[in-house]
Every structure is written in structure tokens, then in C-alpha cells.
Amino acid sequence: MLIAQIKVLLKESVLDPQGQAVEKALGTLGYNNIEKVRVGKYLEIMLAENNREAANKQVREMCERLLINAVIEDYTFTLVEV
Amino acid sequence: MKFGVVVFPGSNGDIDAYHFIKDVLAQPVDHIWHQEESVAGYDCLILPGGSSYGDYLRCGAIARFSPVMKAVKDFALRGGLVVGIGNGFQILVEAGLLPGALYRNANLQFRCRFTYLKVENYHTPFTVAIEHGRLLKIPIAHGEGNYYVDEDTLQRLKAKGQIIFRYADEQGEITAAANPDGSVFNIAGVCNENKNVLGMMPHPERAGEIILGSDDGKMIFDSLFKHWEGSRL
């Protein structure tokens, strides 16, 4: 079995209003070394699949078809064995 | 002119749209459940506002896979008139029937208030009966209506006349203060290249009667009638 750990973030070129709000809040708490905050999504998908190559292909396909919107979002993922 | 209002689980503007078309515009209208696989017999489809599938993942991301959406897509590609309002607009961009994406309002607030819309292109089925220079007072109610396109796409939309409505102030000036959600270029509504599919965040069906504060929403539907009558001659 493999778990796909998928991270989704808004593209660098797209304004991230949540990230900015969190950045400001951290500043208010006194953390004055915060360079930038970005808020995204984390998805975990358990796959009944042991072949990493097949899993890689499937996860990429699922991201492109449903999980992310390529107009505004980028994604990365890792496959972990369980 | 026969209208179909598509109903997804979590739609809530479907009843407003139905009431507006049936009682105010006195046109035949049906609800179309999202499990339907045919939209035959309709002249115009409305994808209403609401929170289809609880807005899970991204607004409109799951609704676009409803069985009815294949029929809606075929209808649109054959030139059928489609209007997506609010969540319906989000579904149309997710389905790839309209360019761009809609995401979290830049101010992070849910905005529920009247807006003033400047018409950018009068040569479309949705705007052909609108008096030139007339601002439309139409309400919004959304938290994720921040329209995004990259710079190249924006230039293409401008060149092809696909930008239909922009948020303006009461005097018709396009200002940052009049932009309720951070949308690129104050865009409130766009259409496809063929000009038969419109998506807009403001709700014209909620501006159909003076008692509601405005009946400017009728002008968009008057345009549809004018276009439709013209196309039948």
C-alpha cells in the first residue's frame, strides 16, 4: 500500500490573501522575522497499489483532473509506503 | 423561450431563478436535477448560485462531474445559451467552459451587497437590449468570487470582447473601492469566445423586482429574449 501525500499551493503569481492575513497575524504576535506565509491544502490518499510508477502516474492524473485547478494552483506530492 | 434551471445538491439560487423566470418574466421553466443526462428541449440553461457539494475541495470542482454537466457542455458547444450565476459561474470555469478561475475574496470576507455593473460589450446575447451607458444595480453574495486570469489571458479576453461586466461605483467609475473581491480588472462577468456562455458573480435573478431594491436583472433576460427572437427570424 502507498500513501500519496499531496501539497497544493496557490501559484507564486497568484495573490494569496489567506497567507497575507496569517503573515500579518504572526507579525502582530511579535514574530518580526517572517518573510512570507503561504496557505495551501494537504491531501492524503491511500492507494491499494504497490507499484510506485503506476501510483505516480495515477496521482498526477487525479491532481490534474480534480484535485487542483491548474489556472491558480501548483502541487507536489510524495509517495510513502505503509 | 424555455428555460431550464439546473439543480445540484447544495444549490440555493435555483428557487430564486425559477421564481424570477416563471413569475416575473412569465416564461416556461423547469428545474433540471443534476442526475439528468439530457437537456433537450431548452432554449437557455441557468446554472444557479449556492454551494454545490458544500463547496468542498474548490467551489464548483465536484459539481462539474455531475451527469448533467456532460449534457450542458454539449449544449454549450453546439451554441446553446448558458448562464452561470455565482456558484454556477464557478462550475463553468471549473468545467473549462469559461476561462480563468474564481477563488477566495482578496479581503477574506463574504460580501453580500448591491454592486454596480458597467457593461463592457453590448454585442452579446446577454447585453444586446441594455441601454448604452446604463449601469446595472445587481447584488452579490459570495466569499469566493475573486476572478483570476493571467496577463496574457486578460489581454485576449479584452481583444475578443469576452469581458461582459465590470464592478464600478455608483457613478460608473471603475475603482479599487468598487471591487468587492479583488477580481482582476474588476471583472464581474465573462463569456466564452462564441458569446453563448456567460458567467457572472452578481445575481440578476435577485434583482428582478423593485420591491427587492432593483429590477435591473431583467435587462440581461430582455437581451436574451431579443437575441432569441432575432435568431428565430
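B:Thr124 is buried in this predicted model, because its relative accessible area of 3% falls under the 20% cut-off. The residue belongs to the loop between strand 6 and strand 7 (136–142) of chain B. Its side chain is joined to that of B:Thr127 by a polar contact of 2.7 Å. Not counting residues up to four places away in sequence, B:Thr124 touches B:Ile164 and B:Lys195. Between the C-alpha atoms of B:Thr124 and B:Leu198 there are 9.5 Å, although 74 residues separate the two along the chain.

A polar atom of its side chain lies 2.7 Å from the backbone oxygen of B:Ile138. If neighbours within four places in sequence are left aside, the residues in contact with B:Thr115 include B:Leu136, B:Tyr167, B:Pro180 and B:Pro202.

| Residue | Relative accessible area | Polar partner and distance |
| B:Thr124 | 3% | side chain of B:Thr127, 2.7 Å |

The next topic is the nonpolar cores. In soluble globular proteins, nonpolar side chains tend to be buried together. Here the largest nonpolar core has 67 residues. Those with the most contacts inside this core are B:Phe3, B:Ile46, B:Phe165 and B:Phe221. B:Phe3 is in contact with B:Ile46 and B:Phe221, and its other partners include B:Ile21, B:Tyr42, B:Cys44 and B:Leu224, leaving aside neighbours within four places in sequence. Another core, of 13 residues, lies apart from the largest one; A:Leu2, A:Ile6, A:Ala55 and A:Cys63 are among its members.

The last topic is the interface of the two chains. On the chain B side, 14 residues are in contact with 17 residues of chain A. Together the chains bury about 1300 Å², and 65% of this area is on carbon and sulfur atoms. Of the area that chain B buries against chain A, 42% comes from B:Leu57, B:Arg58 and B:Tyr103, more than from any other three residues.

Which residues form the salt bridge between B:Arg58 and its partner in chain A? B:Arg58 pairs with A:Glu73, and their closest N and O atoms are 3.8 Å apart. One salt bridge is found across the interface. The side of chain B that touches chain A is made up of eight nonpolar, two polar and four charged residues. Between the two chains, six residue pairs are in polar contact.

Terms used:
Residues are numbered from 1 along each chain as its sequence is written. Chains are lettered from A and ligands numbered from 1 in the order in which they are written. This is a predicted model: local features need pLDDT of at least 70, side-chain atom pairs count only at pLDDT 80 or more; totals for chains, interfaces and linings use all residues. Side-chain values use heavy atoms; hydrogens and water are left out. Contact means heavy atoms within 4.5 Å. Buried area is the accessible area (1.4 Å probe) that two parts lose on being put together, summed over both. A salt bridge is a side-chain nitrogen of Lys or Arg within 4 Å of a carboxyl oxygen of Asp or Glu. A polar contact is a pair of N or O atoms within 3.5 Å; within protein, one must be able to donate a hydrogen and the other to accept it, and residues adjacent in sequence count only if both atoms are side-chain atoms. Ala, Val, Leu, Ile, Met, Phe, Trp, Tyr, Cys and Pro count as nonpolar, Asp, Glu, Lys and Arg as charged, and the others, Gly among them, as polar. A nonpolar core is a set of buried Ala, Val, Leu, Ile, Met, Phe, Trp, Tyr and Cys residues joined through side-chain atoms within 4.5 Å. Buried means under 20% relative accessible area, exposed over 50%, partly exposed in between (1.4 Å probe, protein chains only). Helices (H or I, at least four residues) and strands (E, at least two) are DSSP runs, numbered from the N terminus.
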